[in-house]
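Student: I want to learn how to read features off a model. Please show me the structure and start with a single residue.

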Amino acid sequence: MNYFPDEVLEHIFDFVTSQRDRNSVSQVCKPWYKIESSSRQKVFVGNCYAISPERVIERFPGLKSITLKGKPHFADFNLVPHDWGGFVHPWIDAFARNNMGLEELKLKRMVISDDSLELISRSFANFKSLVLVSCEGFSTDGLAAIASNCSFLRELDLQENDVEDHRGHWLSCFPDTCTSLVSLNFACLKGDVNLAALVRLVARSPNLRSLRLNHAVPLDILQKILMRAPHLVDLGVGSYVHDPDSETYNKLVTALRKCKSVKSLSGFLEAAPQCLPAFHLICPNLTSLNLSYAPGIHGTELRKLIRHCRKLQRLWILDCIGDEGLEVVAATCKDLQEIRVFPSDPFVGNAAVTEVGLVALSSGCPKLHSILYFCQQMTNAALITVAKNSPNFTRFRLCILDPTKPDAVTNQPLDEGFGAIVQSCKGLRRLSMSGLLTDQVFLYIGMYAEQLEMISIAFAGDTDKGMQYLLNGCKKLRKLEIRDCPFGNAALLMDVGKYETMRSLWMSSCNVTLGGCKSLAKKMPMLNVEIINETDQMDISADDEQKVEKMFLYRTLAGRRKDAPEFVWTL
Amino acid sequence: MINVFLSSGSVHAQACISPEIRRIRQPDTGSLYNILRLVHHPVTLRQSTLSKVEVVETEASSYPVEAELEILTAKDFPSVVSQPHRPNNNNSMPSTCAVGAVSGTKRAADSVSHDQGGSPTAGRWRLHSFQVVGWPPIRAYRMNSLVNQAKAARAEEDKGIGEKDKSKENLKKKICNGNKNNATGNEKGHLGFVKVNMDGLPIGRKVDLNAHACYETLAQALEEMFLRSTTTINSIGGEKQQVSKPSKLLDGSSEFVLTYEDKEGDWMLVGDVPWGMFLTSVKRLRIMKTSEANGLAPRLQDRNEKQRSMPK
């Protein structure tokens with residue numbers, strides 16, 4: 001291979017698309033490193049503070065597409081203070097200054113300002129795709145800039161962001177010459193949109209395949225849109241309320257008949273269930289259905305809908321579907337691969353599903369490999385049954401609403417149940433547990449979960465041994481996040497080298513002390529050990545015996561970050 | 001351990017409190033009330049190897065102040081209960097007893113934990129899931145949506161419509177009129193967690209406005225979050241008195257006042273407009289030093305007068 005000209009090698013490497021594979025390729029020898037690095041177009045940075053933008057640019061000058069993740073995962077649950085970090089501006093700035101031909105930007109849990117959005121729209125002539133997941137810091141003004149200036153925009157995908165809505169006319173900012181849109185998702189926007197502009201935009205976007213509307217788009221507009229976009233593959237319905245006897249509804253039914261390509265359906269942010277039969281036409285083709293924001297759809301109407309969805313592979317649903325509803329899913333959706341069941345009633349705090357639903361799914365759906373399940377209760381017996389039925393789980397996340405609840409029947413900890421899961425599911429990569437759990441479950445995980453990459457633990461374990469079993473056993477562990485567990489310095493410091501093989505470790509409300517963290521930081525200069533100090537009780541000269549409320553550590557080549565706020569100390 | 005279950009219509013909670021409380025408080029009618037206060041007030045959960053009482057905190061108290069108590073007898077608990085208890089639906093009740101409530105739906109009776117003493121699980125709190133910070137682990141965006149949607153449904157019920165079916169019917173009727181104005185109800189999409197900053201503190205917090213039904217509870221939640229000096233058990237006695245006093249933040253007696261930025265970008269004093277109006281216009285909150293708040297509209301102004309404040 002050494003005698004091939006570079007262009008040939010480059011051409012061969014073009015077929016290697018996964019980042020992990022390309023990383024491996026680049027480690028073979030120096031020439032391969034050079035060629036691979038200069039030709040790589042897509043880069044994934046799992047922690048924006050692990051490396052500096054300048055270094056990325058230097059290594060990958062041909063970069064066109066970048067994915068960046070910012071805040072720790074637990075920031076999703078309000079455990080990370082507001083101004084912790086995750087600012088994307090330095091990256092945009094660096095790309096702009098270095099004239100990178102950036103075309104795609106995907107951000108998760110980052111802070112992006114309107115200024116950054118404006119800078120993107122002006123600096124990258126070929127900019128095509130912006131995907132923001134769980135981000136904040138921007139408003140519809142920033143979106144207007146993107147709409148106005150990115151002439152070749154193909155994708156604008158906003159998922160669950162906190163967007164300040166200035167109720168401006170950002171949608172109207174797409175110029176008439178913009179006809180390149182393939183995907184538009186603004187379901188998370190809270191404000192009104194210019195409906196006429198929306199319809200015109202859809203009409204002039206022949207390539208539009210994915211459209212997710214927000215609540216402000218009513219049914220009659222939906223009908224108009226569908227008439228103009230019969231080739232949609234992915235549809236997010238906004239507000240779905242109407243009188244089923246009205247003409248608008250009938251027009252909708254006609255429009256839906258023409259939409260033979262819709263495979264993915266979501267939204268129904270407000271829904272009148274009696275209008276759902278219109279969608280029964282579409283259901284037989286659906287592979288993905290997300291009704292997790294539609295509490296208005298439940299009971300018989302929901303079950304009727306599900307019974308039409310024989311090809312479903314992915315289902316996101318609220319727990320008001322109940323165990324009976326899940327049994328319908330299990331009986332109908334034989335191709336189901338991923339299911340997420342979210343809680344629907346925050347005030348009561350009761351989930352309407354139990355271990356019964358979970359067992360039904362595992363018996364009925366042989367291809368099921370990814371689950372997120374919020375439930376009322378669980379039993380070891382059920383988990384053991386699930387483990388037997390479904391050895392193929394790659395992602396298993398179980399959340400019992402009462403965080404330390406034991407087996408609902410035997411009152412025992414759920415160690416045996418989760419132990420069975422990790423033993424049976426040899427390909428398990430992601431695990432979240434809840435319920436009453438002792439050190440024993442960690443022994444099992446350490447012993448059996450060889451492929452485990454990410455694990456989230458809360459209110460579990462008894463002693464440091466729990467965490468030690470985990471760190472010792474899981475060789476492929478990349479992300480570990482722990483809250484409210486009795487793990488202390490002995491566990492933290494047992495194998496400090498391990499953390500360089502991982503992306504990050506989060507520990508909050510545990511027993512690690514300031515002294516322990518300092519000691520770790522001292523031994524491992526390639527880690528940033530950050531303490532989040534929210535109360536004023538602790539200062540840097542404080543007693544080393546004091547327990548640290550929140551610690552987040554991660555490996556990095558960039559040294560301590562310069563944008564850390566006052567309450568974050570890097571030790 | 002005491003399991004205290006509160007039920008208030010569709011709301012219920014449980015708190016598990018170690019025997020230490022019993023020792024500190026006199027077994028009188030006041031102490032259970034204090035325990036209820038504890039549950040209703042935002043307090044912090046810390047996992048600790050100590051078996052002392054820990055106090056539970058959330059970003060916002062999730063429950064309305066009024067709570068009825070339903071009590072089951074010991075036979076409803078399959079496991080050991082230290083003192084059997086007579087059902088008593090009134091507010092005066094013995095302090096040291098296991099009480100339980102069922103809120104109707106299918107729910108396994110949460111049994112009192114067996115491991116009272118030496119087992120490693122002693123001292124672990126069994127709490128209502130939504131009272132613990134960051135639990136259940138649902139993305140904030142989804143949580144906001146959830147709470148907004150649930151609140152809308154409850155609001156329909158609270159309008160005195162009564163039975164659930166009827167309110168659903170009415171909701172349907174309202175919806176089925178193809179009423180486009182329905183969309184404006186979605187200003188509720190604006191509610192949820194709003195940022196709160198306090199002068200002098202570098203860290204902002206977020207508070208869930210949906211969890212409050214009036215200024216009092218909001219102000220108290222914020223006081224707990226920012227101004228609390230101690231959350232030990234000893235302050236619980238003090239809390240009993242605090243509850244009956246109006247919040248310091250609202251009545252002007254503190255060195256801080258609570259202000260908010262409204263939709264137009266003006267900073268206003270919290271408390272002057274009806275709660276519902278406040279909810280639709282608030283963008284964020286700030287706990288401001290009273291000395292700095294001089295430019296803002298005085299508290300006792302006529303409500304009809306349009307209040308415009310100087311920019312901060």
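Tutor: Start with A:Phe95. A:Phe95 is buried, with a relative accessible area of 0%. Buried means under 20% relative accessible area, exposed over 50%, and partly exposed in between, with a 1.4 Å probe and protein chains only. A word on the source: this is a predicted model, where local features need pLDDT of at least 70 and side-chain atom pairs count only at pLDDT 80 or more, while totals for chains, interfaces and linings use all residues. Residues are numbered from 1 along each chain as its sequence is written, chains are lettered from A and ligands numbered from 1 in the order in which they are written, and side-chain values use heavy atoms, leaving out hydrogens and water.

Student: In which helix does A:Phe95 lie, and what is A:Phe95 in contact with?

Tutor: A:Phe95 lies in helix α5 of chain A, residues 89-97. Helices are DSSP runs of H or I with at least four residues, strands are runs of E with at least two, and both are numbered from the N terminus. Contact means heavy atoms within 4.5 Å. Leaving aside neighbours within four places in sequence, A:Phe95 is in contact with A:Ile57, A:Leu63, A:Ile66, A:Met100, A:Leu102 and A:Phe124.

Student: Is A:Leu368 buried or exposed, and where is A:Leu368 found?

Tutor: A:Leu368 is found in a loop of chain A, between α13 (355-364) and β15 (370-375). Its relative accessibility is 1%, so A:Leu368 counts as buried. Residues up to four places away set aside, A:Leu368 touches A:Leu336, A:Gln337, A:Glu338, A:Ile339, A:Leu361, A:Asn392 and A:Phe393.

Student: Now a whole helix. Which residues of α10(A) are buried?

Tutor: First the general idea. An α-helix has 3.6 residues a turn, so residues three or four places apart point the same way. In α10(A), the buried residues are A:Thr248, A:Tyr249, A:Leu252, A:Val253, A:Ala255 and A:Leu256. They cover an arc of only 165° around the axis, which puts them on the same side of α10(A). That arc is taken from the directions from the helix axis to the C-beta atoms. On the other side of α10(A), A:Glu247 and A:Arg257 are exposed. The cover over the buried residues includes α9 (219-228) and β10 (234-240) of chain A.

Student: How far does α10 of chain A reach?

Tutor: Helix α10 of chain A (residues 247-258) reaches 17 Å from first C-alpha to last, close to the 16 Å expected for its twelve residues. The expected span is 1.5 Å times one less than the number of residues.

Student: How many of the ten residues of α15 of chain A are buried?

Tutor: Seven, and the helix (residues 415-424) is mostly covered. Among the buried ones are A:Phe418, A:Ile421 and A:Val422. The cover includes α14 (380-389), β16 (395-400), β17 (430-432) and α16 (439-448) of chain A.

Student: Next, backbone angles. What is phi of A:Phe268?

Tutor: Phi of A:Phe268 is near 55°, a positive value in a residue other than glycine. A:Phe268 sits in strand β11 (residues 264-271) of chain A and is buried, at 2% relative accessible area. A:Asn411 also has a positive phi, about 65°, although it is not a glycine. A:Asn411 is in the loop between β16 and α15 of chain A, partly exposed at 26%. For omega, look at chain B: a cis peptide bond joins B:Trp135 and B:Pro136, with omega about -5°.

Student: Where do A:Arg478 and A:Glu453 lie?

Tutor: They form a salt bridge, the closest N and O atoms being 3.2 Å apart. A:Arg478 lies in the loop between α17 (464-473) and β19 (479-483), and A:Glu453 in the loop between α16 and β18 (454-458) of chain A, so the pair ties together parts 25 residues apart in sequence. A:Arg478 is partly exposed at 24%, while A:Glu453 is buried at 13%. Salt bridges that share partners also join A:Asp76, A:Arg109, A:Glu160, B:Arg139 and B:Arg142 into one network.

Terms used
Salt bridge = Lys/Arg side-chain N within 4 Å of Asp/Glu carboxyl O.
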